[in-house]
Amino acid sequence: MKIAYVTHHLRPNYEHDMLVSMPVEKIRFITTDGAPDSLNKRHKKVEYCQVKPVVKGWENKLFASTATRVFYDEFEEYLKDIDAVIVLEVFSSLSKQFVKYCKEKGIPVIVLVYELIDSHPIYKIPRYRQNASYVKKHADHFVAVSNAAADHLYKLGVEKKEVSVVYPGIDTNNFKPSPNKRKKDLIFVGKLEAHKGID
């Protein structure tokens, strides 16, 4: 099986190791940044394909996120032999673009979801609301990285049968259990910002 993952313009590719660990023949990253040399040399099944971004509106390089309104040009060739495409978040302009293209070509699309807050203001902004509406209706499946992300999808109207919860996991080469036998609870790892929904 060959899959393509649409990385988001200027957003770091946090998903690289998780996707590379999947039992697939090829994982093709569709990116605007090109190929990081260290990653390509490490994994034979990884391929980075650089595309041209067309940014609509303000390009925020400091806080790059899936909220940047961007579309990709000249990506079609990279999807010709692909069995499935993975995109990021339901509100993203790239998610809508690739869901629409892949629907016409008969390529299944899976939406990877981190977002937790169904009342997030982004869902009220017309263009993003339209993206989310289209993606919810036409994507083939949704993979939430936590139960909270899945709950957010259900509240948006996605049916439970269309959602799988797959936690990204922990790289035990880097993180090992403490020799200290005291019980400790890890509650949150991330930026302490209001939009993370920690409250």
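**Figure 1. Contacts of Thr-66 in the predicted model.** In this predicted model, Thr-66 touches His-8, Arg-11, Leu-88, Glu-89, Phe-91 and Ser-92, leaving aside residues up to four places away in sequence. Thr-66 sits in the loop between strand E4 (52-55) and E5. Its relative accessible area is 10%. The cut-off for buried is under 20%, so Thr-66 is buried. Thr-7 lies 59 residues from Thr-66 in sequence. In space, the C-alpha atoms of Thr-66 and Thr-7 are 9.3 Å apart.

Figure 2. Glu-89 belongs to the loop between E6 and H3. Its phi is near 70°, a positive value in a residue other than glycine. Glu-89 counts as buried, at 5% relative accessibility. Glu-89 is also one of the residues touched by Thr-66. Glu-74 lies in the loop between E5 and E6. Phi of Glu-74 is near 55°, again positive in a residue other than glycine. Glu-74 is exposed, with a relative accessible area of 59%.

**Figure 3. Packing of helix H3 against helix H4.** H3 covers residues 93-105 and H4 covers residues 126-138. Their axes are 9 Å apart, and the helices pack at an angle of about 40°. H3 and H4 are therefore oblique to each other. Their crossing is left-handed. H3 brings Ser-93, Ser-95, Lys-96, Val-99, Lys-100 and Lys-103 to the contact. H4 brings Asn-131, Tyr-134, Val-135 and His-138. Sorted by class, the contact has three nonpolar, four polar and three charged residues.

**Figure 4. The largest nonpolar core.** This core has 38 residues. Tyr-72, Leu-79, Val-85, Val-90 and Phe-142 have the most contacts inside it. At least two core residues come from each of strand E1 (2-6), strand E5 (70-73), strand E6 (84-88), H3, strand E7 (109-113), H4, strand E8 (141-144) and helix H5 (147-155). H3 gives the largest share, five residues.

**Figure 5. Contacts of Val-90.** Val-90 is among the residues with the most contacts inside the largest nonpolar core. With residues up to four places away in sequence not counted, Val-90 touches Val-111, Tyr-123, Asn-131, Ala-132, Val-135, Phe-142, Leu-153 and Leu-156. Asn-131 and Val-135 also take part in the contact of H4 with H3. Phe-142 is another of the residues with the most contacts inside the core.

**Figure 6. Val-109 in strand E7.** Val-109 lies in strand E7. It is buried, with a relative accessible area of 1%. Ile-86 is 23 residues from Val-109 in sequence. Their C-alpha atoms are 5.7 Å apart in space. Val-109 touches Val-85, Val-87, Phe-98, Val-99, Cys-102, Ala-139, Asp-140 and His-141, not counting residues up to four places away in sequence. Val-99 is also part of the contact of H3 with H4.

**Figure 7. Val-145 between E8 and H5.** Val-145 lies in the loop between E8 and H5. It is buried, at a relative accessible area of 8%. Its contacts are Leu-112, Val-113, Tyr-114, Val-166, Tyr-167 and Pro-168, with residues up to four places away in sequence left out. Ser-164 is 19 residues from Val-145 along the chain. The C-alpha atoms of Val-145 and Ser-164 are separated by 8.6 Å.

**Figure 8. Glu-47 in strand E3, with the whole chain for context.** Glu-47 lies in strand E3 (residues 46-50). It counts as partly exposed, at 26% relative accessibility. Glu-47 and Phe-29 are 18 residues apart along the chain, with their C-alpha atoms separated by 6.1 Å. The protein chain has five helices and nine strands. Along the sequence they follow the pattern β-α-β-α-β-β-β-β-α-β-α-β-α-β. Of its 199 residues, 40% count as buried. Among contacts with a separation of 6 or more, residues 24 or more positions apart account for 55%.

Definitions and conventions. Residues numbered from 1 in each chain as written. Predicted model: local features only at pLDDT ≥ 70, side-chain atom pairs only at ≥ 80, totals over all residues. Heavy atoms only, no water. Axes fitted to C-alpha atoms, helices over the stretch in contact; angles between N-to-C directions. Helix = DSSP H or I, 4+ residues; strand = E, 2+ residues; numbered from the N terminus. Parallel < 35°, antiparallel > 145°, perpendicular 65-115°, else oblique. Left-handed = near helix turned anticlockwise from the far one by under 90°. Contact = heavy atoms within 4.5 Å. Nonpolar A, V, L, I, M, F, W, Y, C, P; charged D, E, K, R; others polar. Core = buried A, V, L, I, M, F, W, Y, C linked by side-chain atoms within 4.5 Å. Buried < 20%, exposed > 50% of the residue type's maximum accessible area, 1.4 Å probe, protein only.
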